[in-house]
Amino acid sequence: MNSTAEAELFDAIIIGGSAAGLSAAQSLGRALRRTLVLDTGEPRNRFADQMHNILGQDGASPAQLVEAGRGEAQRYGVEHLTAGVHRVSESTRADSVDRTGRRELVVTLDSGVQLFTRSVIAASGLTDELPPIPGLAQHWGSSVLHCPYCHGWEVRGQRLAVLATSPMQLHQAQLLRQWSDRLTFLSAGAGELAAETLQRLRSRGVVVEPTPVIEVTGDGTGVTGVVLEDSRTLELDAIFTAGSLLPRDHYLRGLGLAREDTMVGSFLKIDAMGQTSHDRIWAAGNVASPMATVPLSMGMGSFAGAAANAALVTEEFDLAEAGRNQ
Ligand SMILES: Cc1cc2nc3c(=O)[nH]c(=O)nc-3n(C[C@H](O)[C@H](O)[C@H](O)COP(=O)(O)OP(=O)(O)OC[C@H]3O[C@@H](n4cnc5c(N)ncnc54)[C@H](O)[C@@H]3O)c2cc1C
């Protein structure tokens with residue numbers, strides 16, 4: 001970012017520089033928009049060495065994707081700053097109201113610096129808050145996993161477990177049976193299972209273990225098993241589970257944007273192009289769509305960038321017409 005940027009007006013500020021944010025940046029940069037990406041460098045999948053189920057990027061690391069995406073966006077003039085965003089608010093600058101009566105936005109960094117922009121794209125992802133079981137978090141992304149499409153192939157046929165944190169993991173247990181016939185459902189977090197459910201799981205050879213897990217064990221390279229509350233141990237090669245999904249959208253809270261209650265919590269409400277209930281703010285990727293993978297986040301970012309550009313184009317025609325009619 002150049003040194004005068006603080007006082008200038010960006011066409012778009014993108015909060016988050018990973019799959020969704022850099023895709024939005026590419027759309028906006030290629031549309032000749034003055035665009036700034038603000039990023040704290042902590043993509044959700046940073047715990048994994050490799051990414052999968054991404055066309056053209058299979059096996060690449062999360063860092064490689066970000067580096068390539070950043071380079072591509074920079075080629076189109078997109079600026080980049082390593083900084084956290086504290087707040088997005090309506091501008092109260094005296095000259096901030098344009099001729100159509102709409103206000104620009106102020107992006108306040110954690111450092112207190114304020115930046116001004118005509119549009120914002122929130123692409124800051126989410127945080128996985130894992131269950132507080134000793135040993136679990138240490139293996140997150142290597143042999144404690146969340147998505148069979150992303151990592152199931154790598155552990156196919158191995159001794160797998162699904163560690164339930166809610167009744168929703170019943171679905172995950174059924175799904176994982178596709179990747180291995182040596183599957184245990186650690187069901188305590190799912191509550192008591194109905195007799196028909198137990199019968200259905202057992203009909204496909206899934207072992208159901210209702211005793212709570214008190215520890216995940218490892219050998220320094222990966223998971224080796226779990227210790228149950230009654231001191232029994234189970235030997236395992238990998239565990240699938242799900243944490244609480246917490247959208248990283250605290251900087252938008254002051255604007256009172258519409259939200260939606262999903263099965264996994266409250267997320268920003270967006271339309272098909274990623275627009276929030278604010279006419280200058282779009283959202284893309286996991287911050288608004290908890291189930292989005294890398295390719296889906298890229299698609300959402302690309303759409304949101306194009307939609308923000310289209311809104312600016314409309315505004316420029318509105319301003320030109322208003323000027324001619326004066
Ligand atoms: C362990 C693990 C492995 C995964 N493996 C795969 C896989 O193999 N294939 C796949 O398709 N998906 C995978 N996923 C899912 C994938 O991580 C997400 O779908 C994807 O990262 C979402 O992209 P995003 O751009 O929305 O958010 P993120 O990639 O999380 O990026 C958000 C960015 O915003 C930044 N940020 C956050 N808050 C602020 C702020 N206030 N100010 C400035 N910057 C901020 C963060 O530092 C981060 O760089 C995996 C997830 C996990 C947890």
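**Exercise 1.** How do the axes of helix 1 and helix 2 cross, and within what distance do they come?

*Solution.* Start with the model. This is a predicted model: local features need pLDDT of at least 70, side-chain atom pairs count only at pLDDT 80 or more, and totals for chains, interfaces and linings use all residues. Residues are numbered from 1 along each chain as its sequence is written.

Step 1: find the helices. Helices are DSSP runs (H or I, at least four residues), as are strands (E, at least two), numbered from the N terminus. Helix 1 covers 19–30, and helix 2 covers residues 62–75.

Step 2: compare the axes. Axes are lines fitted to C-alpha atoms, for helices over the stretch in contact, and angles run from 0 to 180 degrees between N-to-C directions. The two axes come within 9 Å and cross at roughly 15 degrees.

Step 3: classify. Helix 1 is therefore roughly parallel to helix 2 (angles under 35 degrees count as roughly parallel).

**Exercise 2.** Which residues of helix 1 meet helix 2?

*Solution.* Step 1: apply the contact rule. Two residues are in contact if their C-beta atoms, placed from the backbone, lie within 7 Å.

Step 2: list them. In helix 1 they are A19, L22, A25, Q26 and G29. Their partners in helix 2 are L65, V66, G69, R70, E72 and A73.

Step 3: sort by class. Ala, Val, Leu, Ile, Met, Phe, Trp, Tyr, Cys and Pro count as nonpolar, Asp, Glu, Lys and Arg as charged, and the others, Gly among them, as polar. This contact has six nonpolar, three polar and two charged residues.

**Exercise 3.** How far apart do the C-alpha centres of domain 1 and domain 2 lie?

*Solution.* Step 1: take the bounds, which come from an automatic or database domain assignment. Domain 1 is 5–127 + 244–325, and domain 2 is 131–240.

Step 2: read the distance. The centres lie 36 Å apart.

Definitions and conventions
Parallel < 35°, antiparallel > 145°, perpendicular 65-115°, else oblique.
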